[in-house]
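Please look over the chain shown below before reading on.

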Amino acid sequence: MSFRPLHDRILVRRVDSEEKTKGGIIIPDTAKEKPQEGEVVAVGAGARDEAGQIQALDVKPGDRILFGKWSGAEIKINGEDLLIMKESEVLGIIEAEAERQQAA
């Protein structure tokens, strides 16, 4: 099954957080916070402006993004937990990751 978000919404897969702290302490699953970093899986066509023209989104599939702790709605597609959110909930794109992917 394929899924395409509508309008200015994006589909995001959370990136797993580290299992250990920098000091080497292992963090149990019950103490972990959900990561606020993710990879864009799919994007909608864009939102319409006042003139009725579609404004393309700034994010694209494959981008690594940061988002707020309470952003998006959790959904399950093909047994995988994903988030769907509006592009306005994205705080920023992690550029270093995007540059590494282009170089590969």
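**From one aspartate to the whole chain**

D63 is buried, with a relative accessible area of 4%, where buried means under 20% relative accessible area, exposed over 50% and partly exposed in between, computed with a 1.4 Å probe and protein chains only. This is a predicted model, in which local features need pLDDT of at least 70 and side-chain atom pairs count only at pLDDT 80 or more, while totals for chains, interfaces and linings use all residues. Residues are numbered from 1 along each chain as its sequence is written, and side-chain values use heavy atoms, with hydrogens and water left out.

D63 sits in the loop between β4 (54-55) and β5, the strands being DSSP runs of E of at least two residues and helices runs of H or I of at least four, both numbered from the N terminus. If neighbours within four places in sequence are left aside, D63 is in contact (heavy atoms within 4.5 Å) with G38, E39, V40, D58 and I93.

Six strands form an open sheet in the order β6-β7-β1-β2-β5-β8, with antiparallel pairing; two strands are taken to pair if DSSP finds at least two bridges between them. At the edges are β6 (73-77) and β8 (90-93), each of which pairs on one side only. Within the sheet, β1 and β2 run antiparallel and are joined by five bridges, with R14 standing opposite G38 in β2. On the next pairing, β2 and β5 are antiparallel over three bridges, and here E39 stands opposite R64 in β5.

In a regular strand the side chains alternate between the two faces of the sheet. The largest nonpolar core has eleven residues, namely I10, V12, V40, V43, L57, V59, I65, F67, L83, M85 and V90, such a core being a set of buried Ala, Val, Leu, Ile, Met, Phe, Trp, Tyr and Cys residues joined through side-chain atoms within 4.5 Å. At least two residues of this core come from each of β1 (9-14), β2 (37-43), β5 (64-67) and β7 (80-86). Apart from it lies another core, of five residues, among them L11, I77, L82 and I84.

M85, when its neighbours within four places in sequence are set aside, is in contact with D8, R9, I10, V12, F67, S71, G72 and V90. I77, for its part, belongs to strand β6 and is buried, with a relative accessible area of 10%. Between I77 and S2 there are 75 residues in sequence, yet the two are 9.0 Å apart in space, C-alpha to C-alpha.

Some totals complete the account. Of the 104 residues of the chain, 29% count as buried. Among the contacts in the chain with a separation of 6 or more, 62% are between residues 24 or more positions apart.
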